[in-house]
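Here is a short report for a reader meeting this structure for the first time. Please look over the sequence and the model before reading on.

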Amino acid sequence: MDELTDGTITIFDWIEMAATLGVDGLELYPTFLKQTDEDYLLQVKAAADAHHLAIPMMCSSPDFTNPDAEQREQEIGKMKLMIDLMALIGPDEFRSVRVLSGQNRPGLNREDGIRWTVESIRQLLPYAEANRVHLVMENHYKDGYWVYPEFAQASEVFIAIISEISSPWFGVNFDPSNALLAGEDPLDVMEKVKHRILTMHASDRYLKPGYTLNDLREYTLQGYSAALAHGVIGKGLNDYDAIFTTLDEIGFKRWISIEDGINGLDEMQQSGVFLKSKLAEWAAKE
């Protein structure tokens, strides 16, 4: 991710690398794209198309909890650009842009954080609908380039936000590992939000030996805490048999993104193989 952000690896390099993983699509993060003009974006789409890779989601990280109203308006403007972008390069059948609440800054009032997030997302929804792009809110831990963790990390706050937003163009991007990092049972959180799930991040993250959840919550430097470990999906703490049972129950048919690879492409490929095998098991039961 850092190499794609600083330009050491280009988006075109990444597409070539992703083509070796046996996956169906490629989720993007805004800093992977060095331009936003139509010619450049169509080149990116063409490169992905050449390898039969769809681009279904832009994994944006809007910071709607900034107490400065002008800064929140700027975040909304950035999100409109992401919606425009996905309308151009995303698949017609389903394309999405991730939304978050924002950083849990010291002194942030709970009611203000919820209100600012809901107001911002509601302001974006007509624009998203006009461009036929879904907004998906993730139960998140912390963007890699944020200083403070996610304001809506706790499911109580997350659910308080999504329950105030009713639109066919808005739903949940569920991440079971982020529930673990919030000190909650992923299956319990999933049960509470299952009928709002539109997309999913599959991952297996856990605490390194000697660390506690407080080490995650109290981390206030840019990037992820040293307490956080990533691993091959299916080898960590998440019960993917139970997760897939719930996805089957709700008739889930959309994108599952692999969140892995921090230890190299080999682990990402193993995660892909695991998820493909689960999808094959699921299909065989239907």
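## Helix H4 and its surroundings

The buried residues of H4 pack against helix H3 (38-50), strand S1 (57-58), strand S2 (96-99), helix H5 (110-130) and strand S3 (134-138). Helices (H or I, at least four residues) and strands (E, at least two) are DSSP runs, numbered from the N terminus. Buried means under 20% relative accessible area, exposed over 50%, partly exposed in between (1.4 Å probe, protein chains only). Contact means heavy atoms within 4.5 Å.

This is a predicted model: local features need pLDDT of at least 70, side-chain atom pairs count only at pLDDT 80 or more, and totals for chains, interfaces and linings use all residues. Residues are numbered from 1 along each chain as its sequence is written, and side-chain values use heavy atoms, with hydrogens and water left out.

Among the buried residues of H4 are Arg 72, Glu 75, Ile 76 and Met 79. At the start of H4, a side-chain oxygen of Asp 68 comes within 2.9 Å of the backbone nitrogen of Glu 70.

## Glu 184

Glu 184 sits in the loop between helix H7 (176-181) and helix H8 (186-193). Glu 184 is partly exposed, with a relative accessible area of 22%. Beyond its neighbours within four places in sequence, Glu 184 is in contact with Gln 153, Ala 154, Ser 155, Ala 179 and Val 189. Two distances link Glu 184 to Ser 155. A polar contact is a pair of N or O atoms within 3.5 Å; within protein, one must be able to donate a hydrogen and the other to accept it, and residues adjacent in sequence count only if both atoms are side-chain atoms.

| Glu 184 to Ser 155 | Distance |
|---|---|
| C-alpha atoms | 8.1 Å |
| Side-chain polar contact | 2.5 Å |
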